[in-house]
Amino acid sequence: MATDSDDKLPPQGRFTRMRKLAGLSMQVGTDVLMSGAKRLAGGTPELLSKGAAEKLVSTLGELKGAAMKLGQALSMDPDLLTPEVRQVLARLQNQAPAMSPDVVARVVREELGVPVEEAFREFSREPLAAASLGQVHRAVLPDGRAVAVKVQYPGIAESMAHDLENLGMVVKTVSMASKLMDGSAYFNEFRGELLLELDYRREAALAEGFAKSVAPLKDLYVPGVVSSHSTGRVLTLELLEGLTLKDWVLTGASNEERFRVARQLIRATYGPFFGAGEIHADPHPGNFMVMSDGRLGLLDFGSIKRFTPRFVDANQRMFLHAMKLEPMDVLGLSKEVGFTTELPDAEAAELIREILHIAGRPMRLTPYDYATCEITRDMRNHFARNAARFLKIKPPAEAVMFFRSTGGLAQNLRLIGARGDFRGVFLEMAELVS
């Protein structure tokens with residue numbers, strides 16, 4: 001019989017979780033300071049040691065929820081971490097400590113109203129993946145269909161709320177210290193989106209809607225929802241066969257294959273945005289599957305973000321100007337997107353124009369080599385050099401999830417490292433707009 005200590009459930013209580021994070025921060029912070037000293041002395045360029053990364057994975061994997069999502073985001077940055085450390089952190093993408101089979105069976109019975117063995121012909125005791133809000137099990141329905149069943153961790157809603165309360169206190173303190181650093185609107189947007197991910201009925205509806213948005217792009221695939229076996233804390237989807245992007249990149253695929261998958265990722269990001277005004281906003285490599293038939297499967301639909309028509313329209317026009325290599329009213333279009341600025345117009349336009357220039361390299365240059373791409377590094381340096389001025393340029397709150405998606409896309413493309421005519425791929429996306 002499993003005990004509570006065996007169940008790998010996230011620790012409860014706001015202060016318990018805060019204490020664990022505080023201890024982690026001290027250890028990792030010390031490691032970062034030591035790494036910084038070594039860099040100044042001409043030594044190792046790594047931000048984290050492998051030992052600190054192991055501690056990070058252990059603690060964030062145990063905490064799950066919002067804390068684990070932050071770790072997933074960190075694991076995607078190729079410029080902050082060595083490949084060895086990044087490989088350790090990548091375990092957070094779908095290999096968190098799992099719930100015991102007894103706990104999984106209990107949640108399924110509570111949600112579906114019948115025991116696991118009655119709801120499914122087969123149900124694997126070992127999870128396919130275990131991530132921030134729940135874990136996924138391979139199963140077979142009574143009619144013989146193979147499915148993936150996502151089961152939410154008991155207590156994760158409370159854990160998520162506690163994490164966000166703790167983070168909200170930090171945001172509130174910083175915002176009170178300086179109006180320029182008021183990030184409350186962005187935090188509220190991020191907080192709202194994360195809390196919505198807890199409702200698997202909503203995710204089922206988003207998956208069905210996203211499938212319609214993706215349908216015109218025949219090389220992409222969204223698994224079907226099995227409504228009869230889906231509730232607020234259990235989501236059953238058609239099982240996709242293949243390798244997640246995280247695992248596929250380790251197979252030594254040819255440049256031709258890597259370019260094909262990179263193209264599919266671009267289409268999966270911009271196709272639904274330009275075609276239907278929505279985007280997949282949780283782009284870590286565990287959420288994409290390279291299927292055996294050549295299609296790219298999309299997974300995890302809790303963070304599908306739908307944008308206002310104004311936001312989509314202004315971004316479409318900005319994209320078309322960029323693809324046509326023609327001048328544009330950068331500041332005017334940015335204000336139409338929803339940006340506000342307290343800088344002189346010329347100064348604000350210059351800063352934004354440089355962002356577009358850096359981000360737009362693959363749209364201008366051909367061929368482009370993502371293996372040597374320095375967009376993320378150069379963007380970070382641009383913001384660092386102009387930090388005080390950027391505090392006076394504020395994007396709309398809905399842009400948070402857009403930047404999360406497109407920033408993740410850039411990191412995934414760097415991870416794949418393909419070389420080819422990416423301008424041609426973005427021109428394909430422009431056809432969806434014009």
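This is a predicted model: local features need pLDDT of at least 70, side-chain atom pairs count only at pLDDT 80 or more; totals for chains, interfaces and linings use all residues.
1. Over the protein chain, mean pLDDT comes out at 82, with 72% of the residues at 70 or more. Residues 1-6 are another stretch with pLDDT below 50, and beyond near neighbours in sequence they have five contacts in the model.

2. Now for some helix packing. H14 (residues 345-359) sits against H16 (residues 375-385), with the axes 9 Å apart and an angle of about 170°. Anything over 145 degrees counts as roughly antiparallel, so that is the label for H14 relative to H16.

3. Who makes that contact? From H14 it's Leu351, Glu354, Ile355, Ile358 and Ala359, and from H16 it's Ile375, Asp378, Met379, His382 and Phe383. Sorted by class, the H14 contact with H16 has seven nonpolar residues, one polar and two charged.

4. Next pair: H9 (residues 200-214) and H11 (residues 255-276), whose axes are 9 Å apart and pack at an angle of about 90°. That angle makes H9 roughly perpendicular to H11.

5. On the H9 side, the contact comes from Phe210, Ser213 and Val214, while H11 brings Ala268, Pro272 and Ala276. How many charged residues are in the contact of H9 with H11? There are no charged residues in it; the class count is five nonpolar and one polar.

Terms used
Residues are numbered from 1 along each chain as its sequence is written. Side-chain values use heavy atoms; hydrogens and water are left out. pLDDT is the predictor's confidence in each residue, from 0 to 100. Contact means heavy atoms within 4.5 Å. Axes are lines fitted to C-alpha atoms, for helices over the stretch in contact, and angles run from 0 to 180 degrees between N-to-C directions. Helices (H or I, at least four residues) and strands (E, at least two) are DSSP runs, numbered from the N terminus. Angles under 35 degrees count as roughly parallel, over 145 as roughly antiparallel, 65 to 115 as roughly perpendicular and the rest as oblique. Ala, Val, Leu, Ile, Met, Phe, Trp, Tyr, Cys and Pro count as nonpolar, Asp, Glu, Lys and Arg as charged, and the others, Gly among them, as polar.
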